[in-house]
Amino acid sequence: MAATAASACIKTEVIAAEEGLKTAAQNKGLIYGCAVGGPLLENDPAFADAVIRDAGMLVHEYEMKRKYTQPRPRGYDFSKADRVMEFAKRHSMKTRGHPLVWHAANPEWLIEALGERRPRIEKERLLTEYIGIVGRRYSGRLHSWDVVNEAVNHEEWRGDGMRATSPWYKVFGESYIELAFHAAKEADPNAILFLNDFGVESTVRWNEQRRTAILKLLDRLKAKNVPVEGFGIQGHLYAYNDRFEEDVFANFLRQLEGYGLKLMITELDVRDRGGPPSPAQRDADIAGLTRRFLDVALESRAMLGVLTWGLSDRYSWVSAEPENKWPDGKPARILPLDENLAKKPMWSAIKTAFEQAPAR
Ligand code: G3I
């Protein structure tokens, strides 16, 4: 057993010593990281080695969501979230919190409580007390928080593009956002406070609608001095059936910079759905789009770094859905490492994008 442990340790040391994506990023004053689930770090040593090599920052894929941190009204459980925090600390990685407030992944008791007839102040406490408890618990330990995740929704065809079907919006209207940011600032004044959203990267009409809604929301929040300090661009891209144009995305980044916001690409992955049968061709196409996207993103001096939503196709949220697997049963090829943890052209595209990026 000792020999096995020793060889595993040597293996970790060897892989961890390889220059990974985090080094390429750090050399330019930037961050590269990825979303992880705690059990994977404990149950798959080879995957953990790759994370140690590549990631300078970790974000919880799901354990920091309220469904896991507060499964019962009086029952907080940070044990799952803390496993990721401890791994990150052990390997000198930064961490970011995701999310404090989201329309999804809430415990049933909370949705019921928000729907009950009770004084508004009691419902405000359901929002602000949670943020206070979680924010104070991790205060000073997180690089940033996604304070509010996915506040807009183009599918509700509202003039303001807001996600009015959110359980928070149903109770407070848009004011839940300012309540959340002020509570987060009080609880953890050191973390950079982000508004995080998706569907802002390409030229398709529904992305344009979302960009417009977000910019108008930022106008309203900034007019009320709401402490929004960063905007997280999730970066769930589509290599096929979509259109990315550098100047459209660059213009949006310039508009965000105009609010004095820090920027991050928070959940990068590139869907291969609709692509050719050849994995090699899909990998090449995805690497090409990754490079084009990151060249624009990293040109912005407000950009702090890039996180992918996972590191390996072995574990991706997309392939967790059986319909997203390929006919041969293989997983979707959307992340930097393939299901065998081998580096893909996307890995090299990310590394090169950091190497070519202007230094901070
Ligand atoms: O851990 C349990 C397992 O014990 C149980 O057997 C299994 C079946 O119910 O569920 C497992 O939990 C799942 C968890 O992922 C871990 O796999 C939850 O059901 C499932 O809802 C959860 O999905 C996550 C989803 O957010 C909702 O929280 C995905 O992993 C995660 O990738 C996804 O991430 C979101 C971002 O937070 C926001 N942006 C979009 C992104 C992708 O949807």
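**Notebook: a helix pair and the cavities**

I looked up α13 and α14 and found them roughly parallel to each other (an angle under 35 degrees). The model is predicted, with pLDDT of at least 70 needed for local features and 80 or more for side-chain atom pairs, while totals for chains, interfaces and linings use all residues. Residues are numbered from 1 along each chain, and side-chain values use heavy atoms, without hydrogens and water.

I noted α13 as residues 279–297 and α14 as residues 345–356, packed at about 20° with axes 8 Å apart. Helices here are DSSP runs (H or I, at least four residues), and axes are lines fitted to C-alpha atoms over the stretch in contact, with angles from 0 to 180 degrees between N-to-C directions. For the contact (heavy atoms within 4.5 Å), I listed Asp283, Ile286, Ala287, Thr290, Arg291, Leu294 and Asp295 of α13 against Pro345, Met346, Ala349, Ile350, Thr352, Ala353 and Gln356 of α14. These residues divide into 8 nonpolar, 3 polar and 3 charged; Gly counts as polar.

Next I searched the whole structure for cavities and got 3 of 30 Å³ or more. A cavity is a set of points on a 1 Å grid where a 1.4 Å probe fits but cannot get out, and lining residues have an atom within 4 Å of a point. A volume is the space filled by probe spheres set on the points.

The largest cavity holds about 40 Å³. Its lining includes Lys65, Arg66 and Trp102, and divides into 6 nonpolar, 1 polar and 2 charged residues.

For the second largest cavity I also recorded about 40 Å³. Among its lining residues are Phe47, Glu61 and Tyr315; the division is 6 nonpolar, 3 polar and 1 charged.

Note on methods:
On a 1 Å grid over the protein atoms alone, a cavity is a set of points where a 1.4 Å probe fits but cannot get out, and a pocket is an open set with protein on both sides within 12 Å along at least five of seven lines; lining residues have an atom within 4 Å of a point. Helices (H or I, at least four residues) and strands (E, at least two) are DSSP runs, numbered from the N terminus. Angles under 35 degrees count as roughly parallel, over 145 as roughly antiparallel, 65 to 115 as roughly perpendicular and the rest as oblique.
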